Amino acid sequence: MSGVRRFAPGAAGELGWTGVERLRYKEEGSAPFRDITRQVLFSQPDQQCELRYFEIAPGGFSTLERHRHTHAVLILRGHGSVRLGDAELPVAEHDLVTVDPLTWHQFRADAGCALGFLCLVSKSRDRPQLPTDEEPAPREIR
Ligand code: MN
């Protein structure tokens, strides 16, 4: 898989890596989210980790979730916010966001701007948990 892939606009105008399939973020209806595409940039049998690129359209957001596996997220373009536990923090290009085990998290693109980020995860990982009535996410503090 040696090679160079370019970061360029796709058919729908969103940025991403050419020659890498653009996937749905996750199955529709499985959890609330809006306007996200996903590309798996690096996933090799001899590696324990995967590198993915997510692009959230302006005003879109990822699912509010938590899980045992950790994330390292590098904001590649745009600006928005991340919810981490009960905090809501602004993020912009080149910020590095780390998510500890079982920390509620959600990424959001600002209204006028797409948010693109790289996310490094373990290839073998537990399924995300969603907030429930019994165990709601902490109320966000702005
Ligand atoms: Mn996650």
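Author: With one side-chain pair. The model is predicted, and in it the side chains of H71 and H105 make a polar contact at 3.4 Å.

Reader: Where does H71 sit, and is it buried or exposed?

Author: H71 belongs to strand β6. Its relative accessibility is 9%, which is why it counts as buried, since the cut-off for buried is under 20%. H105 is buried too, with a relative accessible area of 3%.

Reader: Which residues does H71 touch, leaving out those up to four places away in sequence?

Author: H71 touches R52, E65, V97, T98, V99, H105, C119, L120 and V121. Two of these, E65 and H105, come back at the metal site, where they coordinate a manganese ion.

Reader: How do I read that site? Which atoms coordinate the manganese ion, and at what distances?

Author: The manganese ion is coordinated by E65 through OE, and by H67, H71 and H105 through NE2, at 1.9 to 2.3 Å. Along the chain, the donors follow the spacing E-x1-H-x3-H-x33-H. E65 lies in the loop between β5 (49-61) and β6, whereas H105 lies in strand β9 (residues 105-109), so the pair ties together parts that are 40 residues apart in sequence. E65 is buried, with a relative accessible area of 8%.

Reader: Next, strand faces. What is the general idea?

Author: In a regular strand the side chains alternate between the two faces of the sheet. Strand β8 (residues 96-99) is the case here: V97 and V99 are on its covered face, L96 and T98 on its uncovered one. V97, T98 and V99 are also among the residues that H71 touches.

Reader: How many bridges join β6 to β8, and do the strands run parallel or antiparallel?

Author: Four bridges join strand β6 (residues 71-84) to β8, and the two run antiparallel.

Reader: What is to be read from the backbone at H94?

Author: H94 is not a glycine, yet its phi is positive, about 80 degrees. H94 is in the loop between β7 (87-92) and β8, and is exposed, with a relative accessible area of 59%. L102, also not a glycine, has a positive phi of about 60 degrees. L102 is in the loop between β8 and β9 and is partly exposed, at 33% relative accessible area.

Reader: Last, the whole chain. How many helices and strands are there, and how compact is the protein?

Author: The protein has zero helices and ten strands. Its radius of gyration is 15 Å, close to the 14 Å that the globule rule gives for 142 residues, so the protein is as compact as a globular protein of that length. The C-alpha trace spans about 45 × 40 × 30 Å along its principal axes. Of the 142 residues, 39% are buried. Among contacts with a separation of 6 or more, 64% are between residues 24 or more positions apart.

Note on methods:
Residues are numbered from 1 along each chain as its sequence is written. This is a predicted model: local features need pLDDT of at least 70, side-chain atom pairs count only at pLDDT 80 or more; totals for chains, interfaces and linings use all residues. Side-chain values use heavy atoms; hydrogens and water are left out. Buried means under 20% relative accessible area, exposed over 50%, partly exposed in between (1.4 Å probe, protein chains only). Two strands pair if DSSP finds at least two bridges between them. A polar contact is a pair of N or O atoms within 3.5 Å; within protein, one must be able to donate a hydrogen and the other to accept it, and residues adjacent in sequence count only if both atoms are side-chain atoms. Contact means heavy atoms within 4.5 Å. Donors are N, O and S atoms within 2.8 Å of the metal (3.2 Å for Na, K and Ca); water is not among the atoms, so sites may look incomplete. The radius of gyration is taken over C-alpha atoms; the globule rule is 2.2 Å times the number of residues to the power 0.38.
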